[in-house]
Amino acid sequence: MSEYRVAHLEEIGEISDGREPWRPVRHHFGITSFGINTWTGRKAGDRIINEHDEEGEDEELYFVSSGRARFELDGERVDAPTGTFVFARPGVKRTAFADEPETTILAVGATPGQVYEPAGWELWAPFGRLYQEGRYAEAADQARDVVAAHPEYPGLLYNVACCESLAGRKDDAIEHLRLAIEKSDGTRSYLEGDSDLDPLRDEPAFQALLAG
């Protein structure tokens, strides 16, 4: 296997959850040590980066690779033409908008002092809207082929298990939780407090997962 890969931005297929489309750069290259993706605002005024902070966890570095962006960092506006880097420490509330059409921002993130574990959120995101709308069985059905193709991502497995739990598919949900924990034992910490898994709590197999 070659020790390097090359791809032009346009060769990385876009993913969308109904908001701004992004290109899953990390997943495309199989990077396992840090997260990296790009987002594109098609029209001037589009929100490219959804407002969020990292809740005391990830550091994030943004790079405006084309167009012109406007960042808002803890309420302060920052003009960011092509070639601008913007670094946000954990806890900083951040968002960004396109000031020109086809503005693309590259984002790199990781948690200081922790080994990066890819969770597969990029692949789950297109199905997240169905989950938000309460269409749990539909979300699980549509994500099935993606889960089968990428069983290495514990976050993807876990989210599908939550949908299966809420859809009454207890055996499927428990099996996907088991696989998620096999990939990352840290997944077990979510089981006790996640209300999505309440339908499973009386199941002996679920109790066994909780007990470890």
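Buried means under 20% relative accessible area, exposed means over 50%, and partly exposed lies in between, with a 1.4 Å probe and protein chains only. By that scale Arg188 counts as partly exposed, because its relative accessibility is 22%.

A word on the source. This is a predicted model, in which local features need pLDDT of at least 70 and side-chain atom pairs count only at pLDDT 80 or more, while totals for chains, interfaces and linings use all residues. Residues are numbered from 1 along each chain as its sequence is written, and side-chain values use heavy atoms, with hydrogens and water left out.

I will stay with Arg188 for a moment. Its partner in a salt bridge is Asp185, with the closest N and O atoms 2.7 Å apart. A salt bridge here is a side-chain nitrogen of Lys or Arg within 4 Å of a carboxyl oxygen of Asp or Glu. In general, side chains of opposite charge can pair when their charged atoms come close. The count by this rule is 21 salt bridges.

Two more of these bridges involve strands. Helices (H or I, at least four residues) and strands (E, at least two) are DSSP runs, numbered from the N terminus. Glu60 and Arg94 meet through their side chains in a salt bridge, 2.6 Å from N to O. Glu60 belongs to strand S4 and Arg94 to strand S8 (residues 94-98), so this pair ties together parts that are 34 residues apart in sequence. Are Glu60 and Arg94 buried or exposed? Both are buried.

The other bridge joins Asp79 and Arg68, and there the closest N and O atoms are 2.6 Å apart. Asp79 sits in strand S6 (residues 76-81) and Arg68 in strand S5 (residues 68-73), 11 residues apart, and the pair links distant parts of the chain. Asp79 counts as partly exposed at 44% relative accessibility, and Arg68 is partly exposed with a relative accessible area of 30%.

There is also a network of salt bridges, which links Glu10, Glu14, Arg23, Arg42 and Glu102.

Now the aromatic rings. Rings of Phe, Tyr and Trp (its six-membered ring) pair if their centres lie within 6.5 Å; planes under 30 degrees apart count as stacked, over 60 as edge-to-face and the rest as tilted. How many aromatic pairs does this rule give? The count comes to 8. In one of them, the ring centres of Phe63 and Phe85 are 4.6 Å apart and the planes are at 40°, so the pair is tilted. Phe63 lies in strand S4 (residues 59-66) and Phe85 in strand S7 (residues 85-88), so the pair ties together parts 22 residues apart in sequence. Phe63 is partly exposed at 25% relative accessibility, whereas Phe85 is exposed at 55%.

Trp124 and Phe127 form another tilted aromatic pair, 5.9 Å centre to centre with 50° between the planes. They are separated by about one helical turn, because they are 3 residues apart in helix H2 (residues 121-132). Trp124 is buried, with a relative accessible area of 9%, and Phe127 is buried at 9% as well. Elsewhere, ring pairs link Trp22, Trp39 and Trp121 into a cluster.

Last, the surface. Phe85 returns here: with Leu61 and Phe87 it forms a nonpolar patch on the surface, with about 300 Å² of accessible area together. Patches are made of residues with over 30% relative accessible area and no salt bridge, with like charges joined within 9 Å and nonpolar side chains (Val, Leu, Ile, Met, Phe, Trp, Tyr) within 5 Å. Accessible areas come from the Shrake-Rupley method with a 1.4 Å probe, and for residues only the protein chains shown count as cover. Leu61 is placed in strand S4 and is partly exposed, with a relative accessible area of 33%.
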